[in-house]
Amino acid sequence: MKKKSISILMAAAIVASLTAGNLQVAEAAKKDEQVTVSVWSWDSPYFEALKSAYEAEHPEVKLELTAVEWGDMQPKVQQALASGSELPVVLVMDNIIIDNWKKMDICEDLAAYGFDKSEYVESLADQAVTEDGTVVGVEINVCPAGIAYKRDLAKEYFGTDDPNELSEIFNSYDAYAEKGAEVYEKSNGEVYLFHSGQAVAEWLYFADDTPVMSGDTLNYTEKMTNIMSVLTKMRDANAVDSYQNGTPEANATYADDTHIFYPCPSWSPSYYIQGNDPDGAGNWGIMHAPADYIHGGAAAGITKMSSDEQKKAAYDFLIWSTQGEGATLARDAVGYITPYKKLMNDPEWVKASDDMIEFFGGEDIANLYYQEIAPNTKMAVPSRCDSVFVNVRSDLAQLLMNDKEMTLDDAVNTGKEQITQLITDDSVTIE
């Protein structure tokens, strides 16, 4: 019996050893068979929130994330194309300049993989479709926008921190100028409504329904006048401070007590407000702007240069991110709401986290964004000149804030000179 027991134990040990060896070989083989899906994006928090969960569910796929600044994305891709170097498998394309990406013709037609754009919010899905019907990307999120405010300052200067009451007070652009002048005077020149003319100009750009282009005509004078006339009026009323938007100094104002309002698309609460004012829980609210608007958004596409295995894995990841578990993870981690209609139209699914509701003083900001604002907005039609227009708009806004003597006409004329030099396409007529 003793010998038999020893033999059984030895046999078990051999089997265990072989099993362990086989498992190690299998794991090594699995690692060797992994498909690497590289992703270039300025939106690192979003993709980082998805990476570990997706890789855990799909051990055969490795997501390789590379952070690229928004303004550097297109030049980086153009440089890679010119030098013949490798492009990412997944490329993120901002809706502001998506027409430029379409013309580069470097992304797969996702319809060939079974993508059905009718399952997504139409106005968004169409952003990533070319004139011949090619679907170059999956829209990642819906970006309705409002105006964020600091509750303590709102109570002090306007007598209320209720978002509905504040929306009534600030129901026009003129109201911002009038109240801005009152706040500036009452605070002895220390408190402004907004921290940055560039931030205000960006808000006004998206809220204005004048298309950047109509056919081959750039509607420069009309659209830029609409934007800069409001900014000039606010500047002259001392409603706007002169910080350059997005700088560390400008971001520090989120936590101060001298700036009240911030244009606030749905991605801003986590990225800008919580990120720059982590101790501000309970002191923030969000209200309607005078006109509801969409600000931002991006599509993720799959580059043609990738291998078939990479394309297949990338497509699965994009569908998982916008239709599957990834959509819920993105909602909970960074507040992104997918434009996939089955989820977006479900009020039980579209909800702010308890932490986010607490941070915004008990306000369900998801309900505000997606049930109140989103249904009342229209998407601007992208054009091939959007990126140039945006850059000139940002420069002009800062010039206006730095030079208080600059008039509206001066600003519009200066911008027209700039944009005429920057647009070298002879087929474009600048009006």
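At roughly what angle do the axes of helix α6 and helix α8 cross, and within what distance do the axes come? The axes of helix α6 (residues 151-158) and helix α8 (residues 173-186) cross at roughly 90° and come within 11 Å. That makes α6 roughly perpendicular to α8, where angles of 65 to 115 degrees count as roughly perpendicular, those under 35 degrees as roughly parallel, those over 145 as roughly antiparallel, and the rest as oblique. The axes are lines fitted to C-alpha atoms, for helices over the stretch in contact, with angles from 0 to 180 degrees between N-to-C directions.

The model is predicted, so local features need pLDDT of at least 70 and side-chain atom pairs count only at pLDDT 80 or more, while totals for chains, interfaces and linings use all residues. Residues are numbered from 1 along each chain as its sequence is written, and side-chain values use heavy atoms, with hydrogens and water left out.

**The chain as a whole**

The secondary structure comes to 19 helices and 13 strands, taken as DSSP runs (H or I of at least four residues for helices, E of at least two for strands) and numbered from the N terminus. Along its principal axes the C-alpha trace spans about 100 × 55 × 35 Å. Of the 431 residues in the chain, 51% are buried, that is, under 20% relative accessible area, with exposed meaning over 50% and partly exposed in between (1.4 Å probe, protein chains only). Among contacts (heavy atoms within 4.5 Å) with a separation of 6 or more, 77% join residues 24 or more positions apart.

Two packed helices are described by the angle between their axes and the distance between the axes.

| Helix pair | Axes come within | Crossing angle |
|---|---|---|
| α6 and α8 | 11 Å | roughly 90° |
| α8 and α10 | 8 Å | roughly 15° |

The contact of α6 with α8 is formed by Glu156, Tyr157 and Phe158 in α6, which meet Lys179, Val183 and Lys186 in α8. These residues divide into three nonpolar, no polar and three charged, where Ala, Val, Leu, Ile, Met, Phe, Trp, Tyr, Cys and Pro count as nonpolar, Asp, Glu, Lys and Arg as charged, and the others, Gly among them, as polar.

Helix α10 covers residues 220-236, and its axis crosses that of α8 at roughly 15°. That makes α8 roughly parallel to α10, and their crossing is right-handed, meaning that the near helix is turned clockwise from the far one by less than a right angle. Here Tyr173, Asp174, Tyr176 and Ala177 in α8 meet Val230, Lys233 and Met234 in α10, a contact with five nonpolar, no polar and two charged residues.

**Buried loop residues**

Asn141, in the loop between β4 (138-139) and β5 (144-150), counts as buried at 4% relative accessibility. Not counting residues up to four places away in sequence, Asn141 touches Leu124, Gly297, Ala298, Tyr336, Ile337 and Pro339.

Gly297 lies in the loop between β11 (293-294) and β12 (298-302) and counts as buried at 11% relative accessibility. With neighbours within four places in sequence left aside, Gly297 is in contact with Asp94, Asn95, Asn141 and Cys143. Gly297 and Pro265 are 32 residues apart in sequence, and their C-alpha atoms are 9.7 Å apart in space.

Asp105, in the loop between α4 (98-104) and α5 (122-125), has a positive phi near 55°. Asn238, in the loop between α10 and α11 (248-252), has a positive phi of about 60° although it is not a glycine, and at 25% relative accessibility Asn238 counts as partly exposed.
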